[in-house]
Amino acid sequence: MNSESSLTKENLLEVINHLPLAVAVIDQETIVRIANRSVQRFVNRKGGQLIGRSGGEAFGCSHAFDVPAGCGYGPDCQKCTLRDLVTDSFNRNEANHNVELSFEFMIAGTLDLRISTVPILLEGRRVVILSLEDLTDAKRQEKTLIYHEKLKAAVETGGAVCHEMNQPLQILSFAIDNMVEELGGEGREVEELLEVGEQIVRLGELTKKFMNISGYHTKKYLNKIQILDIDKASKTHEEIP
Amino acid sequence: MLKKFFEKKEYVVHVAENSDNALKLFAEHNIQVMFLDLNLGEETGLDLCRQIRKDRPLAVIHAITGYASLFELADCRDAGFDDYFLKPVDTATLLKATNDAFEKIERWKQRK
């Protein structure tokens with residue numbers, strides 16, 4: 001007799017109730033057969049509201065009642081990654097580990113989850129152990145951290161550009177001023193020099209934008225790559241995502 | 001280039017490439033108005049300004065910098081700078097600042 005065939009619902013529930021992870025057992029009809037305490041807390045429902053219900057209904061999927069037939073029959077159910085993972089484990093008799101996906105809950109909204117599905121034999125029947133981990137906060141923090149790092153890099157690079165470019169611009173500015181004065185401030189050459197001077201001023205305004213980067217914004221360039229949108233990035237009152 | 005410009009305006013101009021040379025010039029000449037680059041290598045224009053300010057409380061000291069955040073500008077005030085200019089700055093602006101500085105010093109001397 002192998003260990004799986006001697007495994008009972010009670011044994012399994014005893015074990016998974018000790019886990020901090022939300023764990024449920026789903027049968028081949030995608031009905032919830034066992035739900036540990038963590039999954040009850042996760043979906044804010046007691047065991048009685050979970051056991052015997054289809055997965056989508058039990059977990060509070062926002063599409064569970066799109067059609068009268070319920071979970072698995074609506075148009076969005078065909079695209080449901082969670083359903084696919086459970087079905088895949090049944091079909092291939094193989095586990096799926098640590099798959100990250102977004103799931104739309106009726107009440108909590110869209111959450112980022114890490115899912116694992118493991119097929120086992122329970123009391124002689126094929127079932128899948130489903131574990132769920134909420135990554136939403138971690139993802140949000142990661143996103144914020146990445147944004148801050150990008151902004152820091154943009155500010156540091158902008159500072160370097162500003163500093164390095166302003167040196168030769170200063171020399172050009174003085175040279176233009178000197179030449180204009182030596183030419184007596186009038187004439188065609190002076191006009192052309194003043195036009196050059198205007199471009200130097202324009203470049204100076206541009207380097208000031210590099211100095212004032214306060215947010216990280218990009219724009220598409222030639223429909224291929226992203227470049228820093230220096231106008232947006234240099235505006236103040238930046239909201240951090 | 002700037003030296004040439006101010007000499008044409010009949011100012012006596014001294015130029016130093018670093019802090020040490022600048023301090024030597026101060027020891028030898030009565031320099032009342034100055035423009036200091038903030039980026040002087042190992043020592044910054046802020047350090048130099050603090051040293052100058054100790055001996056020349058009435059001098060008018062301007063900072064010129066290629067890059068400065070608001071924090072650096074606050075540091076400039078703390079160090080004793082009277083004003084700052086962001087590169088590229090045109091000669092007309094620097095000339096006005098110089099003329100105004102000498103006018104101010106003259107007024108202080110006469111205690112008006």
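Buried area is the accessible area, taken with a 1.4 Å probe, that two parts lose on being put together, summed over both. I start with that term, as I looked up the interface before anything else. The model is predicted.

**Entry 1: the interface**

I looked up how much chain B and chain A bury between them and found about 1700 Å². Carbon and sulfur atoms account for 58% of that area. For the contact itself I noted 18 residues from chain B and 20 residues from chain A.

**Entry 2: polar and charged links**

I looked for salt bridges across the interface of chain B and chain A, and the rule finds 3. I wrote down one of them, between Lys4(B) and Glu182(A), where the closest N and O atoms are 3.5 Å apart. The cut-off is 4 Å, so a pair at that spacing qualifies.

Next I asked which elements give two or more residues to the side of chain B that touches chain A. They are helix H1 (2-8) and helix H5 (91-109) of chain B. H1(B) gives the most, with 4 residues. I sorted this side of chain B by class and got 9 nonpolar, 3 polar and 6 charged residues.

**Entry 3: aromatic rings**

I looked up aromatic pairs over all chains, and the structure holds 7. I checked two of them.

How are the rings of Phe5(B) and Phe6(B) arranged? Their centres are 5.4 Å apart and their planes stand at 75°, so I noted the pair as edge-to-face. Planes over 60 degrees apart count that way. Phe5(B) has a relative accessible area of 4% and is buried. Phe6(B) is at 6% relative accessibility, so I noted Phe6(B) as buried too.

The rings of Tyr11(B) and Phe102(B) have centres 5.3 Å apart and planes at 20°, so this pair is stacked. I looked up where the two residues lie. Tyr11(B) is in the loop between H1 and helix H2 (19-28) of chain B, and Phe102(B) is in helix H5 of chain B. The pair therefore ties together parts that are 91 residues apart in sequence. Phe102(B) is partly exposed, at 28% relative accessible area.

Last, I looked up the cluster that holds these rings. Phe5(B), Phe6(B), Tyr11(B) and Phe102(B) belong to one aromatic cluster with Phe35(B) and Phe85(B).

Key
Residues numbered from 1 in each chain as written. Chains lettered and ligands numbered in written order. Predicted model: local features only at pLDDT ≥ 70, side-chain atom pairs only at ≥ 80, totals over all residues. Heavy atoms only, no water. Contact = heavy atoms within 4.5 Å. Salt bridge = Lys/Arg side-chain N within 4 Å of Asp/Glu carboxyl O. Nonpolar A, V, L, I, M, F, W, Y, C, P; charged D, E, K, R; others polar. Phe/Tyr/Trp six-rings, centres within 6.5 Å; stacked < 30°, edge-to-face > 60°. Buried < 20%, exposed > 50% of the residue type's maximum accessible area, 1.4 Å probe, protein only.
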